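Please open the model in your viewer and keep the selection tool handy. We will go from one stop to the next.

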Amino acid sequence: MKGEPTQTLVQRLCAGDEREGYAALKELLERSRTGREVYPYWEELAALLGSANSYRRTRGALLLLQNARWAEEEQLERWMPRLLGLLQEEERATALRQYLRAWEGAVRDVPALAGPLCRVLEGLDLERYGESMAPLLQRDRERLLSALQGEGDEGDG
């Protein structure tokens with residue numbers, strides 16, 4: 001997949017074979033870390049947020065958050081409510097943990113996202129994940145809130 005065009009990889013995110021979709025996600029995340037190559041596909045990635053398939057929603061969200069640094073303000077305003085909503089809607093604890101890590105990177109790149117994210121995190125009900133996962137998610141949330149409060153302090157000055 002390394003040599004494949006970005007457009008082909010974006011299409012593979014929705015492959016019937018989940019392993020193929022996951023492999024495409026990994027390559028697209030790597031490309032997103034090193035440059036703007038994936039950003040032109042923002043709208044296609046954003047469309048995944050409405051998918052009935054939770055894996056596709058997760059792939060879209062992770063890639064959007066990784067590319068938030070390149071996004072225009074209007075794009076962020078348009079899609080942030082849906083991305084924030086995924087934090088509250090996600091049923092899979094592992095996906096929620098991925099979202100929390102991805103949000104940390106997005107806020108580092110776009111500090112203006114810290115305020116809205118803090119409000120959602122503070123109201124997030126983690127008890128629904130049960131005794132085994134709730135403590136892990138609580139720890140992830142607290143770590144993220146600490147990082148966000150540091151970002152907010154820097155942005156005030």
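Select Arg92 and Tyr55 to begin: Arg92 lies over the face of Tyr55, 4.6 Å from the ring centre. A charge sits over a ring if NZ of Lys or CZ of Arg is within 6 Å of the ring centre and within 35 degrees of the ring normal. This is a predicted model, where local features need pLDDT of at least 70 and side-chain atom pairs count only at pLDDT 80 or more, while totals for chains, interfaces and linings use all residues. Residues are numbered from 1 along each chain as its sequence is written, and side-chain values use heavy atoms, leaving out hydrogens and water.

Next, show helix H2 (residues 18–34) together with helix H4 (residues 54–66); their axes come within 10 Å and cross at roughly 5°. Axes are lines fitted to C-alpha atoms, for helices over the stretch in contact, and angles run from 0 to 180 degrees between N-to-C directions. Helices are DSSP runs (H or I, at least four residues), numbered from the N terminus. H2 and H4 are therefore roughly parallel to each other, a label for angles under 35 degrees. Their contact (heavy atoms within 4.5 Å) includes Tyr22 and Leu25 of H2 and Tyr55 and Leu62 of H4.

Now pick Glu37, in the loop between H2 and helix H3 (42–47). Is Glu37 buried, partly exposed or exposed? Glu37 is partly exposed, with a relative accessible area of 42%; buried means under 20%, exposed over 50%, and partly exposed in between (1.4 Å probe, protein chains only). Leaving aside neighbours within four places in sequence, Glu37 is in contact with Thr6 and Arg31.

How values were computed. Helix = DSSP H or I, 4+ residues; strand = E, 2+ residues; numbered from the N terminus. Parallel < 35°, antiparallel > 145°, perpendicular 65-115°, else oblique.
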